[in-house]
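Let's go through this one together, a question at a time. Here it is for you to look at.

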Amino acid sequence: MNFSFSEDQLLFRDSVRDFLSNEVTTDLIRSLWETDTGRSQTLWSQLAELGLTGMLVPEEHGGLGMNEEDFILIAEECGRAALPEPLIENAMIAVPLLQAINHESTNPYLGKILSGEAKASIAHPVNLLVSDAHVSDLILVFIDKEIHAVKTADAELIEQEGVDPSRKIFKLNYKAKTENCVANGDLAERLLQETLNRGALAVAAQHLGLAQAMVGQCVEYTSERKQFGQAIGSFQAVKHHMANVAVKYEFAKAVVYRAANSIANQHPDAAVHVAHAKIAASDAALLAAKHGIQVHGAMGYTWEVNLHIWMKRAWALDKTWGSLGYHKKVIEKKVFADTNKIGAGYSF
Amino acid sequence: MNFSFSEDQLLFRDSVRDFLSNEVTTDLIRSLWETDTGRSQTLWSQLAELGLTGMLVPEEHGGLGMNEEDFILIAEECGRAALPEPLIENAMIAVPLLQAINHESTNPYLGKILSGEAKASIAHPVNLLVSDAHVSDLILVFIDKEIHAVKTADAELIEQEGVDPSRKIFKLNYKAKTENCVANGDLAERLLQETLNRGALAVAAQHLGLAQAMVGQCVEYTSERKQFGQAIGSFQAVKHHMANVAVKYEFAKAVVYRAANSIANQHPDAAVHVAHAKIAASDAALLAAKHGIQVHGAMGYTWEVNLHIWMKRAWALDKTWGSLGYHKKVIEKKVFADTNKIGAGYSF
Amino acid sequence: MDLAYTQEHKAFREEVRSWLAANVPKEPLKTFDTAEGFQQHREWEATMNKGRWGMVTWPEELGGRGLDLIQWLIFEEEYYRAQAPTRVNQNGIFLLGPTLMEYGTEEQKARYLPKMASGEEIWAQGWSEPGAGSDMAAIRSKAENKGDHYIINGQKTWSTRAAFADWTFGMFRTDPESSRHKGLTFIFVPLNAEGVTVRPIPQLNGHPGFAEIFFDNVKVPVENRLGDEGAGWNVAMSTAGFERGLMLRSPARFQETARRLVKLYQENEKEIDDPLIKGQVLKAYMDAEAYTLNTYMTASRLINGGSIGPETSTNKIFWSELDQNMHETAMSILGARAELEPHCSEARGVGSWLDGFLFSQSGLIYAGTNEIQRNIIAERMLGMPRA
Amino acid sequence: MDLAYTQEHKAFREEVRSWLAANVPKEPLKTFDTAEGFQQHREWEATMNKGRWGMVTWPEELGGRGLDLIQWLIFEEEYYRAQAPTRVNQNGIFLLGPTLMEYGTEEQKARYLPKMASGEEIWAQGWSEPGAGSDMAAIRSKAENKGDHYIINGQKTWSTRAAFADWTFGMFRTDPESSRHKGLTFIFVPLNAEGVTVRPIPQLNGHPGFAEIFFDNVKVPVENRLGDEGAGWNVAMSTAGFERGLMLRSPARFQETARRLVKLYQENEKEIDDPLIKGQVLKAYMDAEAYTLNTYMTASRLINGGSIGPETSTNKIFWSELDQNMHETAMSILGARAELEPHCSEARGVGSWLDGFLFSQSGLIYAGTNEIQRNIIAERMLGMPRA
């Protein structure tokens, strides 16, 4: 029993944090809003070079041979940086899915994702839309208890416009074609749940990072902005708004990290742990957005101030990979199943 | 359309407020805790002399000839004063019930309640217990779609001990006896609902008064108590706790007063208006208790400081005359019945 | 207490309802945060004025109908019920108008109010400055009295509607030696005056709902002053009270949002998987009703000769949180569709909830942040000690 | 990261569980806020000590077992699961104990810790004074250094357990010229010393859970000083950190409350008419789990050589609000029975929820109000500017 990350894990996280804070500036994010794809192939290549797309691929296959526990810290950083690139969708969701599918038609994509030459998107029934399909080569579609691999070039996609200018989302119109089926039966059923777990946990980790980034921006702003002759951050009402957010994200951290460990170790209650993580981190991020705009005053309501980049990401991600109601039902099932199997001594 | 109390109504309210604040001191309340009945016949006689027990009795029958709209302000004052006597139960609930029943066996009690010589208690199925049965002469029991009048002397009562030392509550064990039936059929059915409306609204009005009284005590305490060299009431966190309670009770007031008007005018939606009043005023009173103890610090957790008299009344009353869930269902039925009959223009 | 409408009220409601039914544009107007939409809204105000509906509570000679506040509430109820356009001139008719009635000379009233009621002149508020937001007394923009005119220099910001409006009003420091609440004067400035530059500020939704206004030696006649020189703070406080309080935030607006929320819930009931949401919908209904009842009570008090006090602050907190809660609930109901702009192929039934959600975020901030309002409640309503 | 218990952990859990099964009193003890209950709890501590369970993390020579924090968490889990008596000496073992380990001389450790672990000597904290609550630095009680002893005069209040305890600890002003955090010294005072008067203060439930302590020329040897003279503030801050933080608020306590709440919900499910309540029950479960996971993470960090920081303040807020929320939910579930004392005829299944509800109100106040904790988080964890 040792609930802590290793020095190596933390050092790797720090290096990624440094990279993202240097490269993914708000200037870059804003300039990408003006481009057709909203994505930067340069940045994507850099991420691949760092090995991030292949974090969950064994070293013998050219990856970093890490697991979900390592990746969760990176996913949190993606949230903190409000990274627009689909790193998480590829490295944490698509790659393990492709590995598990292990189908001759899809295996070639693994290496290409590793090298940054290709991307995959996921169409999961819990989601209405597919994100980043416009820059992906392959869409993995869960349909009729099967998994189909659809070349993006062949897919009918309708672009949608959402609140977050960095998010690129599409409606996929796809009728099952037998030749696209790459998994079915028990495997497909298992992967349906596993993919949902990964997707929901990725949202949780991003929410965690987004919440902390927003508080950081608020602390900076309110330390400088003066009213009534003093920094507004010295007013108790402002402080307490921020402290309340900090309590939320501090107590979401262990829940999120634990869910990552459960996925890495195929814990039988992984879905429960993920559901809890998604609920807790969402709570923190939405409160960070609400109090964040409040302590920024009218500034927070402008397009010019960067806060909205994070707020909108938090709002948009919140409704993906299962609603709060969906995840609460997962918790409910666990809690009411057997009250002798919950409580003190039954957390691990 | 004139949503305001008359000068006369407000003057009468003020005179009752003065009377209660002079007579129902916390010393009196505490000394009554040490007595067998917890009630003061002297105080009761004074309340009767002021005409309060007969407020809803027509002048030609010796009452003040007022209605529920007048009484609601008095009920609010009963809450503000944390009055232990069963004034509301008699004047606002039992008296109109006896008038409606209009039965030869119960009519004599009306005059006695007016004069302060007798009291009645109510056993309504929405409540688990009967309050003040130990000092009442008659219990009006709703049972099997009938109303029975049971002489308290003949009733089997088991005393219960609750959190509020001023509250006197009893379990009534009663098997229906035909000779006690004083109302049945449509009349009993209508009175079942009307009595519930009155009971729930009485709780709401008391909650309103309790909430304001608690805030008053908090303002006084925090204006005097100093920490870090200043009155703790000057700290923004303390101020904002109190302001949040004030917002709640300010916006519960019109709802409570309106429900009283609806009962007085037999508005078809009276039960809906009462349900709203109970929910809104409960919200204000429970928040007043929560923040009240908080801004009092350790002082608020003592028996010595008077705050707990009001807190405990608020907690105990909250679960009487229908739970929040019960009343929400009443609102729900109204809201979802026809969305063209709610909203702007449909409040009155 | 009499909570029934009179026959006159009922007849008035019918009159409003039928006029609106005949005149409200069938197609929703474009947002007034665009030049085209602004012009559409200006035209709508002209249409309203033809029917003498611009500001029904104002005296007839100023373009109104001389009606009382209950009738105003009825008008507003029908207006929101009919989904009529948002009033582009609300800074004029709801904020400045009442203040002008109180502090203006007869000449000023005659000059400004009719054109305000008719929408011919649209007003933008000029409250805030870069260094003076919640702390309005920190104003630094100056107006130098040159006898028959002022020379104005400085900057205002967060000026709602200023991108396309005709006039702005605000406080300027006329006594350069003064500080805080003293030495301020309330002045009207035409936005087409020489030396005025308006720089629109895009909001969360990308539209320029407010703007910065720069004043560079702008010359305005002394007749543009409202109230006495140096008395600007008192004049402004009465306007700020109106802004926080009764006039601007019609209960009907929140009642209609609540009703639309109930409908949204019903339309999506089968897909809603969290029982919490129904509770939030019921709470929205109740809170909108509570706000309405409270407003009728306040209106009755004002009609009976009472005045408006710190309850403008409880109002501000209540409606802004209600509005935010309702829109959050709508987002929860819409689920995966909540993030979508209404024109998207998958945006079935999203209506304008997303834009409303964004806008609801601002309610807790403008017209004095809710933190400032809580201070006011604690100090002025409850009598708690100042820091 | 390794989230599995070792074989050693599992064996230890079994050992604790079987000892508790054999030894925990079948009948619940009377509350230790009565003389009789206090004595019963003292005897229970003696029983625990016989099994060397008094404080398992302490070194063997001080009455402990030298176990690590994970084992301590396991012990606590079994302890709460077994519904064993609340530790009457928690002010000693959880608060003063760790501080004594850090600042005490070898003689002091040997003198005080074994009797603390054994329950032979029960400690009351003496933090607050009538004028020094949240503002602990406002302490005015004095200790005059007379060479080999101190003469103590003054008053402490809100002293938990003091009604029946043997000792108290707290800060006294040894430098009469000093103010605020300076010139304070941390001193132990036996409550049976001449000149000490204890006046119990009845709490909300009528029981004397805390007391005032008056010191009238009380003489204590200088050996009763912990740390250096004048260094009391630093010594106390480490204790206050323990109070807010990890040691006192065992996650197992909240997990078991949450589990009992789930059972209460199930027992009463048919009568529950508000869907909100189920959501609150689920939230209770999740929050208790979150608190547990967070504590394991903190324990692991401490085992790996880390130290405890301002997260003691986030902990304090989280567990106190969780505890209050859980008890409020229990009150909602119990409905009309919620107000009843457990001995009443109609009090079916109310258990000790009412008393727990009252007690939960104090959690947001003691050990530094949650308002003070929020200041600490904002200033020390987030780096926001001081007022």
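In chain A, strand 4 and strand 7 (residues 181-183) form an antiparallel pair over two bridges; strands (E, at least two residues) and helices (H or I, at least four) are DSSP runs numbered from the N terminus, and strands pair if DSSP finds at least two bridges between them. This is a predicted model, in which local features need pLDDT of at least 70 and side-chain atom pairs count only at pLDDT 80 or more, while totals for chains, interfaces and linings use all residues. Residues are numbered from 1 along each chain as its sequence is written, and chains are lettered from A and ligands numbered from 1 in the order in which they are written.

Me: Which residue in strand 7 of chain A is the bridge partner of H148(A)?
Reply: Strand 4 of chain A pairs with strand 7 in the antiparallel sense. Within strand 7, the partner of H148(A) is C181(A).

Me: Which residue takes a positive phi in the hairpin of strand 3 of chain A and strand 4 of chain A?
Reply: Strand 3 (residues 138-143) and strand 4 (residues 146-151) of chain A run antiparallel over six bridges, and L138(A) stands opposite K151(A). The hairpin has two residues between these strands of chain A. The one with a positive phi, near 45°, is D144(A).

Me: How far apart are the end C-alpha atoms of helix 4 of chain B, and why does that agree with its 14 residues?
Reply: The expected span is 1.5 Å times one less than the number of residues. Helix 4 (residues 68-81) of chain B should therefore span 20 Å, and this agrees with the distance between its end C-alpha atoms, 19 Å.

Me: Which element gives the most to the side of chain B that touches chain C?
Reply: Residues are in contact if their C-beta atoms, placed from the backbone, lie within 7 Å. This contact takes 40 residues from chain B and 49 from chain C. Among the elements giving two or more residues on the chain B side are helix 7 (185-224) and helix 9 (270-296). The most, 12 residues, comes from helix 8 of chain B.

Me: Which element of chain B gives the largest share of the side that touches chain D?
Reply: Here 32 residues of chain B are in contact with 31 of chain D. Strand 5 (156-160) and helix 10 (307-318) of chain B are among the elements that give two or more residues. The largest share, five residues, comes from helix 11 of chain B.

Methods
Contact = placed C-beta atoms within 7 Å.
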